[in-house]
Amino acid sequence: MKLKMLLTSTFFSLGLIGSAFAEPAIIYDLGGKFDKSFNESAFTGAEKWKKENGGTYREFELQSDAQREQALRRFAEAGNNPIVMAGFMFATPLAEVAKDYPDTKFAIIDMVVDSPNVRSVVFNEHEGSYLVGMMAAMASKTGTVGFVGGMDIPLIRKFACGYVQGVKAVNSNAKIIQNMTGTTPAAWNDPVKGTELTKAQISQGADVVYAAAGGTGVGVLQAAADADILSIGVDANQNYMHPGKVLTSMLKRVDLAVYNAFSEGASLTTGFNVMGLAEDGVGYALDEHNESLVNAKMISALEAEKAKIVSGQIKVHDYMSDNSCPAN
Amino acid sequence: MDLLTIIQILDSSIRLATPLIFAALAGLFSERAGIFDIGLEGKMLVSAFLAAAVASTSGSVWVGLLAGVFASLLFSGIHGVASITFRGNQLISGVAINFLAAGMTVLVAQSWFAQGGRTPSLSGASRFDPIILPFANELTRIPLIGPIYSELISGHTILVYIAILAVPSAWWLLFKTTFGLRLRAVGENPEALDTAGVSVIKTRYVAILICGILCGLSGAYLSTGLSAGFVKDMSAGRGYIALAALIFAKWRPWYILTACILFGLLEAISNRYQNIEILEITLPVQFMQTLPYLLTVIILAGFIGKAVPPKAGGQPYTKER
């Protein structure tokens with residue numbers, strides 16, 4: 001009860017400030033603000049905006065699914081503008097709430113909500129995966145590389161499809177072993193199975209394994225490091241997890257999406273917002289942890305290919321556009 | 001399919017069967033004593049968490065293992081108090097334990113390590129290393145026996161060997177000792193035991209504690225043996241598969257070993273091959289994943305022999321006055 005009163009009073013006072021300054025707000029998804037991945041990336045973007053502009057922002061960490069709509073309405077009532085949401089799970093509540101607050105701007109990451117005051121930020125994961133796929137093919141000595149996906153959903157197939165196309169672009173004879181961890185949300189948090197899948201791929205000759213599997217990926221990276229082969233991380237830069245064993249990470253710049261939305265403030269442009277290679281929304285990670293693994297030849301090849309993708313000379317097939325993959 | 005592939009798949013089955021063997025034996029002791037235990041999953045999870053957390057802070061996997069077993073014992077104790085002392089519904093208590101474990105592990109992990117409900121990755125002495133048995137490297141050249149010995153039998157962590165040894169030990173304890181006789185009696189006919197002057201309550205508590213220790217080993221193996229660190233919900237339904245194995249094995253120790261290795265084998269095959277083609281019919285990977293449950297249902301339905309649970313299972317004991 002006390003907590004509830006405290007919350008209400010906070011939101012009330014927030015409303016008074018809100019109407020004067022229109023602070024932006026961000027809502028993190030269930031993974032939590034410090035998940036070393038998706039949500040933390042969103043937090044980094046918000047912090048960067050705060051540091052550069054000296055502004056303040058409101059934030060909320062979800063504790064349960066039921067809080068989504070409630071949190072959205074509270075921020076909207078309090079006059080926060082724009083309100084950014086990290087995660088595709090917000091699509092349904094947002095579609096409801098956006099109608100009721102036509103003067104408030106919303107931004108949703110990883111999903112499309114068709115409403116005049118909503119910006120839908122979507123990443124071209126297939127383009128980023130294409131580049132790390134090229135790097136995997138160049139680093140592989142056996143000509144066999146692996147892919148471990150999390151839950152078998154179209155989004156993860158999009159990662160896989162881009163990766164396969166990238167590998168084939170470098171070595172058309174390469175063998176790619178693909179595994180999905182499962183078909184239920186438990187597949188995002190099963191490092192034991194991730195480890196076993198990786199071991200099975202290694203025994204079939206894979207010497208670079210790309211994990212797009214959330215918490216399951218921890219097991220994949222671990223198994224690869226234990227067997228002394230290379231792995232590729234996802235979303236955030238995961239190179240530091242096993243220095244010298246993680247070839248690179250496919251970056252998904254959620255921080256940039258949040259930073260951009262905050263910077264534009266109440267005059268946020270709405271509609272479809274694609275974050276691809278051209279916008280630096282996706283890419284590959286280079287830092288001190290993988291500099292011994294990546295040579296100048298790889299980088300120049302990747303940069304040349306990247307320029308071609310940006311200019312439209314090469315088109316990486318998006319699995320989600322027609323639910324099929326031309327390469328495998 | 002060559003010999004090496006078969007050996008690799010069997011090797012993987014043994015690794016995957018180990019947590020199931022521990023958990024199914026844990027369920028065996030509990031259910032043979034008349035206490036149904038849906039909470040195997042939750043106990044594995046708390047043990048996996050505390051084992052990884054303590055191993056990462058102390059730097060010793062053995063201290064972590066003890067902590068994991070302690071956590072599992074504690075949850076076993078809760079189940080015992082609820083279902084033995086207060087005669088509550090055992091299924092509800094078990095479900096409550098699963099929920100408590102799922103929520104608490106993530107909450108505590110977040111407040112201790114602030115890594116999104118994970119523990120830091122374990123390395124060096126804070127995780128179990130594979131044990132290379134003597135002559136494993138020398139014998140690899142001998143055909144057939146060499147690879148079987150060096151790949152399949154050697155090179156597992158110590159908990160795998162403990163799990164295999166736990167099966168005959170459980171059999172001996174349950175079927176060859178007075179204590180085992182009493183434990184089984186308490187699950188079939190507690191009144192008879194009470195008449196003979198043996199405490200039903202005490203016997204059931206001991207059974208529950210053994211269950212806690214075994215579940216603790218199972219969970220610790222997940223986070224410090226099979227992988228290196230705790231991730232939320234990492235038990236991923238293995239507690240339920242172990243329950244299925246227990247029923248599939250008709251509450252018998254040796255059958256449990258076979259059932260767990262069979263279930264491990266099914267998972268290993270589905271890990272290795274996404275789709276399997278048999279006689280031009282393509283079996284999707286999901287089919288292999290459902291097979292353990294499907295087989296259990298077939299057994300329960302009475303197609304292959306009869307699975308009879310302990311008679312007094314699920315009933316709290318009230319002493320007559």
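This is a predicted model: local features need pLDDT of at least 70, side-chain atom pairs count only at pLDDT 80 or more; totals for chains, interfaces and linings use all residues.
Biologist: What is the radius of gyration of chain B?

Modeller: The C-alpha atoms of chain B fill a box of roughly 70 × 50 × 40 Å along the principal axes. For 321 residues the globule rule gives 20 Å, and the value for chain B is close to that, so chain B is as compact as a globular protein of that length. The radius of gyration of chain B is 20 Å.

Biologist: Which residues have the most contacts inside the largest nonpolar core?

Modeller: In soluble globular proteins, nonpolar side chains tend to be buried together. Here, the largest nonpolar core has 182 residues, and at least three residues come from each of domain 1 (2-123 + 255-275) and domain 2 (126-252 + 295-322) of chain A. Leaving out residues up to four places away in sequence, B:Ala24 touches residues including B:Ala242, B:Leu246 and B:Cys260. The residues with the most contacts inside the core are B:Ile21, B:Ala24, B:Ala245 and B:Ile256.

Biologist: Which element gives the largest share of the side of chain A that touches chain B?

Modeller: The contact takes 24 residues from chain A and 24 residues from chain B. On the chain A side, the elements that give two or more residues are α7 (191-203) and α8 (216-226). The largest share, nine residues, comes from α7(A).

Biologist: Which peptide bond is cis, with omega near -5 degrees?

Modeller: Most residues other than glycine have a negative phi, and most peptide bonds are trans. The place to look is the loop between α3 (67-77) and β3 (83-86) of chain A, where A:Pro82 lies. The cis bond runs from A:Asn81 to A:Pro82.

Biologist: Is A:Asp110 buried or exposed?

Modeller: A:Asp110 is found in the loop between β4 (106-109) and β5 (118-123) of chain A, and has a positive phi of about 80 degrees although it is not a glycine. A residue is buried if 20 or more other C-beta atoms lie within 10 Å of its own. Because A:Asp110 has 22 of them within 10 Å, A:Asp110 is buried.

Biologist: And A:Asn323, does that count as buried or exposed?

Modeller: A:Asn323 sits in the segment after α11 (319-322) of chain A, with a positive phi of about 55 degrees. With 9 C-beta neighbours inside 10 Å, A:Asn323 counts as exposed.

Terms used
Residues are numbered from 1 along each chain as its sequence is written. Chains are lettered from A and ligands numbered from 1 in the order in which they are written. Two residues are in contact if their C-beta atoms, placed from the backbone, lie within 7 Å. Helices (H or I, at least four residues) and strands (E, at least two) are DSSP runs, numbered from the N terminus. The radius of gyration is taken over C-alpha atoms; the globule rule is 2.2 Å times the number of residues to the power 0.38. A nonpolar core is a set of buried Ala, Val, Leu, Ile, Met, Phe, Trp, Tyr and Cys residues joined through C-beta atoms within 7 Å. A residue is buried if 20 or more other C-beta atoms lie within 10 Å of its own, exposed if 12 or fewer, and partly exposed in between; C-beta atoms are placed from the backbone. Domain bounds come from an automatic or database domain assignment.
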